[in-house]
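Student: Could we go through this structure together? I would like to start with the terms.

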Amino acid sequence: MNIGENRIIAAALIALGIVCLGWSIKAGIDNFANKDRKVNVKGLAEREVEADKVTWPIVSKELGNDLPELYNKIGVTQGKIKAFLLRNGIKETELTVNAPQVVDLNAREYGERNQPYRYIVTSVITVTSQNVKQVRSIIAKQGDLLKEGVAIVDGGYDNPVKYEYISFKEMKPKMMQEAIENAEKTAQQFAENSHSQLNKIVSADQGQFSIENRDENTPYIKKVRVVTTVTYSLKD
């Protein structure tokens, strides 16, 4: 092999090396460019469900000056309320009778002294049940107690009727899957609009779950909501 042929081969090898180097540089640049190409999307899943647990505090009060007499009245009132509840299908195991609470108005440092009565005795009987429809029907009939001389007072902020959805754990995995699928659909649409292809998941959270009343008028219907955030990588 002469010197000319050696030079040709050397030049060809150099040219091939330059081409390979160029391809390597291009691939590196493409990988670097694609490395930070990501899309961050949120997926949402919602359900409307009926509450499966209710807590109903039934509050009654007696006013007067003779404390032993008031305790007797409260005892009679509690008996009538319990009988009403048991008559309408509530079980003994679903009832909790709290000790009466007494307020002595004369013991108040800044209270008025010219009260027509001295004591306020409050009784709370709490119904806790998973038969929500039954309890709701009884709440609608509590006016029947008025015929027996029993006045049920509003529980206010301290003793509201509380509805819960305790079967949430059973539906959690399926809702999480639905939220991720919805996130993927959003990411896919973004990729198409940007003339890219959706690649693998880079990161994802476990989802933020919330259970709220559907509205103020139907607290026994709950809106279950999960929002998850998923990050996908994109490629050409």
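Tutor: Buried means under 20% relative accessible area, exposed means over 50%, and partly exposed lies in between, with a 1.4 Å probe and protein chains only. This is a predicted model, in which local features need pLDDT of at least 70 and side-chain atom pairs count only at pLDDT 80 or more, while totals for chains, interfaces and linings use all residues. Residues are numbered from 1 along each chain as its sequence is written, and side-chain values use heavy atoms, with hydrogens and water left out.

Student: Is Glu148 buried, partly exposed or exposed?

Tutor: Glu148 counts as partly exposed because its relative accessibility is 30%.

Student: Which side chain does Glu148 meet in a salt bridge?

Tutor: Its partner is Arg87, at 3.3 Å from N to O. A salt bridge is a side-chain nitrogen of Lys or Arg within 4 Å of a carboxyl oxygen of Asp or Glu.

Student: And is Arg87 buried or exposed?

Tutor: Arg87 counts as exposed, since its relative accessibility is 54%.

Student: How many salt bridges are there in the whole structure?

Tutor: A search finds nine. One of them joins Arg225 and Glu46, at 3.0 Å from N to O. Glu48, Arg214 and Asp215 are linked in a network of salt bridges.

Student: New topic: why does Val54 count as buried?

Tutor: Val54 counts as buried because its relative accessibility is 0%.

Student: What is the distance between the C-alpha atoms of Val54 and Gln130?

Tutor: They are separated by 6.2 Å, although the two residues are 76 residues apart along the chain.
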